[in-house]
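Welcome, and please load the model in your viewer.

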Amino acid sequence: MNKILVTGGCGFIGSHTIVDLIQNGYQVISIDNNSRSNADILFGIERITNTKIKNYKIDLCDLTKTETVFIENPDIIGVIHFAAYKAVGESVEKPLDYFDNNINSLINVLKCCEKFSVSHFVFSSSCTVYGNPDTIQVLEETELKEAESPYGYTKQMGENIIQQTVKSNKIESILLRYFNPVGAHPSIEIGELPIGKPANLFPAITQTAIGKIPQLQVFGSDYPTKDGSCIRDYIHVSDIAHAHTLALNYLIEKRNTSKCEVFNLGSGNGFSVLEVINKFETETKQPLNYILSERRAGDVIAIFANNNKAKLLLGWEPKYSLSDMVNTAWKWELKLQYK
Ligand code: WQD
């Protein structure tokens, strides 16, 4: 079986991707220092796939320790690099932590791929690289604007580093720009484990509904949108996960036409914050206590994906609806209260 290294394998998207990789015949190992994740998620992966995942609990900013994983696993044929800090608000407060962690860890993983001749590299990028786009439905060729946060800068810089690096070695890469990954695996054995008060909308909704948060704040209701609240492209985390398997297949089967290709991973639909809240209440019959508040600094007004390139070239077809997203997120929140 082809062995894949997943960095950040205990994280939200990393854990769901490991499940999909295993179910599609790959062997997987993980590197995750659990600074922003919980290793217990590996038990959930095991319950779904009946496969124990080895996680190396090391800091990717330590090159020597990172190299030991490649030395111990000479049969790694590809890397999916998720590991990074990803809280937009926190990145504004601690930019140097974000540049230090997100950039140095990426450079070390690329150095190892080069040194140990691992030629397939998939990078976890984000729609934040578009900034506030001129057109709200973005193509991969849409001009990238000023990043709205240091987190967004680390993703723009990461993409540039990879694009330059692959020109001088044998690495073939794919950059996957996620829109808003939400929900939980249909088995409800794994899901999102936000640390502290959640910054993201979906966990903020489910934690408000279950009573962990007294009231949800809607950050802005005076935007130039259909109902005044921001528009985003929410995409189920299991759809995002499967796209990673398809991206690896694409590289391994040498279907790529350049050494660095970019794909948008979004549903192609834009929903406002208030539409998501309404969908949640309708689907779960849980009334939500929310208040219309001030805008949040750094928020993009509206963005959603044109996902035709991933559909055409990767054969990707998102299958989960917004109803599935709110229902799986809610069922996961209900399960967490008994953990
Ligand atoms: C969505 C909308 C908020 C919380 C970020 C990153 C992106 C990805 C996902 C990593 C916005 C509103 C939110 C709340 C609210 N991260 N909101 N009340 O900012 O679109 O994207 O997270 O992959 O890269 O940029 O996601 O869920 O924080 O916000 O009104 O309590 O919900 O203002 O309009 P965002 P989000």
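Start by selecting H1 and H2: these helices are roughly parallel to each other, a label given to angles under 35 degrees, while over 145 is roughly antiparallel, 65 to 115 roughly perpendicular and the rest oblique. Before going further, note that this is a predicted model, in which local features need pLDDT of at least 70 and side-chain atom pairs count only at pLDDT 80 or more, while totals for chains, interfaces and linings use all residues. Residues are numbered from 1 along each chain as its sequence is written, and side-chain values use heavy atoms, leaving out hydrogens and water.

**The helix pair**

H1 covers residues 12-23 and H2 residues 41-49; their axes come within 10 Å and cross at roughly 25°. Axes here are lines fitted to C-alpha atoms, for helices over the stretch in contact, with angles from 0 to 180 degrees between N-to-C directions. Helices are DSSP runs of H or I with at least four residues, and strands are runs of E with at least two, numbered from the N terminus. H1 passes H2 in a right-handed crossing, meaning that the near helix is turned clockwise from the far one by less than a right angle.

Now show side chains. Which residues of H1 meet H2? They are Ser 15, Ile 18, Val 19, Ile 22 and Gln 23, facing Ile 41, Ile 45, Ile 48 and Thr 49 in H2; contact means heavy atoms within 4.5 Å. By class, this contact has six nonpolar, three polar and no charged residues.

**Two loop residues**

Select Asn 50, in the loop between H2 and strand S3 (54-56). Its phi is near 60°, a positive value in a residue other than glycine. Asn 50 counts as exposed at 70% relative accessibility (exposed is over 50%, buried under 20%, partly exposed in between, with a 1.4 Å probe and protein chains only).

Next, pick Lys 254, in the loop between helix H8 (237-252) and strand S12 (260-265). Phi of Lys 254 is near 55°, also positive in a non-glycine residue, and Lys 254 is exposed, with a relative accessible area of 67%.

**The sheet**

Finally, select the seven strands of the open, parallel sheet, in the order S3-S2-S1-S4-S5-S7-S12. S3 and S12 stand at the edges with a single partner strand each, so one side of each has no neighbour in the sheet. Neighbouring strands are turned by 20° against each other on average, direction ignored.

Zoom in on S7 (residues 172-178), which pairs with S12 in the parallel sense over six bridges; pairing requires at least two DSSP bridges. To end, pick Ile 174, whose bridge partner in S12 is Glu 261.

Definitions and conventions
Nonpolar A, V, L, I, M, F, W, Y, C, P; charged D, E, K, R; others polar.
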